[in-house]
Amino acid sequence: MKQYKHLIKPYIIWAAALIVVPLIMIVLYAFTEEGNSVLTFSFTLENFAKFAESTYVNVIVKSFRLGIFTTVLCLLLGYPLAFIISRCSEKSQAFLILLVTIPEWINMLLRTYAWMNLLSDNGIINNLLEMLGMKPVSMMYTDFSVIVGLVCNFMPFMIIPIYTSLSKMDKSLIEAAYDLGANRFQTFRKVIWKLSIPGVLNGIMMVFLLSVSTFVIPKLLGGGQYMLIGNLIETQFISVGDWNFGSAISMILAVIIILFMRLMKKMDTQEE
Amino acid sequence: MKNKLIELKDLTKNFDDQQVLRGINLDIYENEFLTLLGPSGCGKTTTLRIIAGFEEPSSGEVLFNGIEISKLPPYKREINTVFQKYALFPHLNVEDNIAFGLNLKKVDKSVIAQKVGRMLKMVGLEGFEKRDVTLLSGGQQQRVAIARALVNEPKVLLLDEPLGALDAKIRKNMQSELKKIQREVGITFIYVTHDQEEALSMSDTVVVMNNGEIQQIGSPTDIYNEPENRFVAGFIGESNIIEGHMLQDFLVEWDGFRFECVDKGFPENEEIEVVLRPEDLDIVSPDKAQITGKVISVTFKGVHYEILVETEYRTYMVHTTDYAEVGRKVGLSLGPEDIHVMWKMGAY
Amino acid sequence: MKKKKSFFARFYVVICLAFFYLPILVTMFFSFNSSKSLTRFTGFSLRWYNELLQNVEISKAVYVSLSIAVMATVISTVLGTITAIGLTRSRKIVKEILLNVNNMPILNPEIVTAIGLMLLFSSIGMRKGYVTMLLAHIAFCTPYVITSVYPKVRSLDPNLANAAMDLGATPFQALIKVIVPLIKEGIFAGALLAFTMSFDDFVISYFVSGNGVKNISIVVYNMTKRINPTINALSTIVIVVIIIVLVVVNLIPLLARKNTVNMNHRLHHVIGLAAAAVLIGVMIWLGAATNGKHVLKVYNAGEYMDLSLLEQFEEENDCQVVYETFESNEMMYTKLAAGETYDVLIPSDYMIERLIKEEYLQYIDWNLIPNKKNLMEDVQNKSYDPGNRYSCPYFWGTVGILYDKTVVDPEDLKDGWELLRNPKYKGNLYMYDSERDSFMIAMKALGYSMNSTNFDEIEEAYQWLIEQRDTMDPIYAGDDVIDNMISGNKAIAVVYSGDASYIISENENLDYLTPDQGTNLWYDAMVITRDCSETDLAHAFIDFMISEESALSNTEEVGYTPTVESAFEEMKEGDYAGVSSYIPDTENPNNEIFGYQEPKVKQHYAELWTKVKAQ
């Protein structure tokens, strides 16, 4: 209807000002020298050259390793849960999904602090271990604590899309597979898994995006030495004050993520 | 059918770079049941939407009672529409759907209730007031859509392939019912369809369209019996279309045969096309006819047989109640009034 | 077989949910703790709920979070809905471009979106604060609304709006009476998503907010230093509210089905009215907050002031104090350089020197500060500001080693800073995540000046830190070290003397050492910015802070060594009797005060420090 065509006009202006322009600003800063002014900028590639140093490359590698590990873990732990939920009666399905989503409503920082209290050397878990007469374990400020925090925070983002694609699945397809002589495992591999792939890809995208760029959880649970790409960006902007280098890192991060998303989308369409 | 209600003048419409209407001129009269007939993509729905006000023409005029309205928004026109898939409001029940327009006009509640009741009675849905429209059958939804439009007492009702989604039997019932309703309310109906049978059985006037142009305007009988060109002849009913010459007034020639006919006014030796309706041809013994051939197929169609007769030049289709077995040599007889001569068209 | 599987399935579901809910339950549980500890439950009490009600900072943050969330939800829902409707009627190219752009904030890491917005606001010279935060929230919420509404609109019969207009509805009426009711589920889902995203947001708010405007997440993040169950009390309330809301939302459809349609309508009205009332209330509160009073903007390190003093000051002077905190001097400088304006800052010595050099400050008119007489001799006239022309000392102290007497061998203490490289304590120490202090330690251990600009010496110090990192596995902690040391998590930590005093007062096993190789003798002082528009109020504030009563209660709350003689003496006899860290060691000739660093040197240090941490 032609009357409503104009309804997008406010958002076109809005999106240009608050989505497109900020991205342009990042690119602009990434390619210019210090001075932090829009009017006087001189082009440079130095910010990117700096990034090529091994320290910073290591940060990226570490971030991606952690992101991939978290994603895989979320998938391995989340898929069975989503699968079990999708097999429940409709009422319990709704209830369980609500239970999975409620924690996401609660401030991520608060949940992370709670993990700090649970995992610290003299924390709740170690107190319990001590009471049981066992030796305390050092868990804070390690890969373990960071991954626990990430998985706890991000797993629902894996579960929900997988559950959605599993619950949408026509049950008669599974019956048909059994009918055609497939055993449990074959049915799962050839029918259920195949049909849930869009959900899986969606979940992978979400969790990877979140875990590769996070900076709060590693900072709190991993300590200052747990430097990921998100922390690197944060320190550039908040304490070092090198906005140009910070923008360059942000740009690199955004480009890598966008390429990754493209890849995922491509896989998705190929599946279909 | 005296007063012109709507006049379309040189309407054109482009979507992006595609021209869907190429100069439509049409007069629509009061109390008329007018059908826009044509294959899909011919521009009939676009014409309807321009009359309703959902589209603006790229050029040309739409006059309503002599006043130009092509820029007037739909909610200011005394025209209502029955949509292709009814477009009933799924969140409202039957009563609220029908009362929608009256509510907007802030008509008194008791008046609304009365009018809605009358409409429901007219379309045969008494007692359905509180029903959920999404749970009604297609035919019932159709009736609600009609009631919803008519309750506003428009001057014109537009119907966009309203029967398209119904099955054959309900369709037939609805056709006669629509005609009945139109007589009852006494307003102009503009009806869009691609179904020629529907068009012929209901309309006062049929407008045949193709490729964004009007091919012919006329009464159903005229359109059927005197198609103006090959497209109309081909689209309306089945026909044998043959190229020939008009030797002089009342004399036509094809395949070397000469026939008397009732047509005149063509230039001498003009290349023309002849339409022979299959039911106008009779099978006779070969010695009684100019055209002779051999029966190559016979199909029983319920009331008649469809017989294909192959001659030296072409194959004719004949509808007849007489049976003729395959392989038999037959003659085809036809009288002057059975021959319809048309101007030849380049395009088809 | 079947039973067995279902048992395992159930067990697995329970385990997973336990994993999700463990932190939440812990949070709720410890909100009722009678003591400050977040790891040991000492008894039931509602003490922290009471404190929550009295905590001005938190209640302001709740208002900010709520009002921003409500407004961002309303605006982004309206904007997103009309855009989604418009999109279905737009040309294909327009539609595709806009949808792609719309996906950017969803597909981009949050931190990238945050930085983009921050760069935008600062380059057009917008004051960071409530408005920038609201704009940013609308910007990242709207895309989610569009993605949840758009498919609903697309699934509608495109003729419905036409039908409504055909029946006499104006386009607006058609929208309200037909389109919106039909897509309300999508709108509701989008609004809910927007509200959650906005209410819980940290990353974007953290980068785009400023001038004292903080939402709950920012307050929580800044609370690391003395984290206490107040915040647990807050989150318990939030959790309970959320659960109530979810239950109600899930019950409404059931109720509506049972009752008549009328009831449903009434319910809608009630919800709508309630939402409107909340919104209006919030707006009035916000409007009242800055009702024509003089406003003083103070920027201080986190957890570095007794906040009740601010209220007292506000009352006495009939003004409003906007109080904001930073994590480090560098962060403060970055904000200042980015164009934020404050009236009073409380930075450290070397930063004051830098601010003086770069002309960020104005002279203090000591005639306006009668309480100057209260100040100790020891803290005045230092190298960073000879004659105290610009600065009024606030707290002072040293940096040293906090160690567990029950673990660390007294013999090892003789090594001074090298204790931090003693392999006996591998994995058992916290370094401080501060570039200057870490390099100070290395420089002092090597016998150099901590203000060295000699790149060879710096390189040597860098190698010292690298070696320490590789052999000792230290944790580079922030302010969470305080809580960790009180709980006795590790044996050794590098801390500021004031924090040490506080920690020792909470954990008697610990003691504090300032190595003979020398350390950082530091002074934090109040300064007035050049752009200060409330100079009278700023002077009054400084005078107020060094009054004998204020200084005492400030020290009692924060634990740092005061610069006011009477407070110093009183604490020495009182709470901190015998606590070695309380009295800064002014005798050691190896002690130094940090000096100003040339940008080039500073940059070099910053890069090296990033590299130390990043391996």
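Which residue stands opposite Val207(B) in strand 9 of chain B? I'll get to that after some background. What we have here is a predicted model.

Start with chain B as a whole.

Now to strand 9 of chain B, which covers residues 205–210. Six of its six residues are buried. In a regular strand, side chains alternate between the two faces of the sheet. On one side of strand 9 of chain B sit Thr205(B), Val207(B) and Met209(B), and on the other Val206(B), Val208(B) and Asn210(B); all are buried, so both faces are covered.

Next, the partners. Strand 3 of chain B, residues 33–37, pairs with strand 9 of chain B in the parallel sense, over four bridges. Here is the answer to my opening question: Leu36(B) is the residue opposite Val207(B).

Strand 10 of chain B, residues 213–218, runs antiparallel to strand 9 of chain B, and five bridges join them. In that pairing, Met209(B) stands opposite Ile214(B). Strand 9 and strand 10 of chain B form a hairpin with two residues between the strands, and Asn211(B) there takes a positive phi near 55 degrees.

Last, the other chains. In chain C, 82 residues are in contact with 80 residues of chain A. Helix 1 of chain C, residues 2–30, gives the most to the side of chain C that touches chain A, with 13 residues. By class, that side of chain C has 51 nonpolar, 22 polar and nine charged residues.

Terms used: Residues numbered from 1 in each chain as written. Chains lettered and ligands numbered in written order. Predicted model: local features only at pLDDT ≥ 70, side-chain atom pairs only at ≥ 80, totals over all residues. Buried ≥ 20, exposed ≤ 12 C-beta atoms within 10 Å, placed from the backbone. Pairing = 2+ DSSP bridges. Contact = placed C-beta atoms within 7 Å. Nonpolar A, V, L, I, M, F, W, Y, C, P; charged D, E, K, R; others polar.
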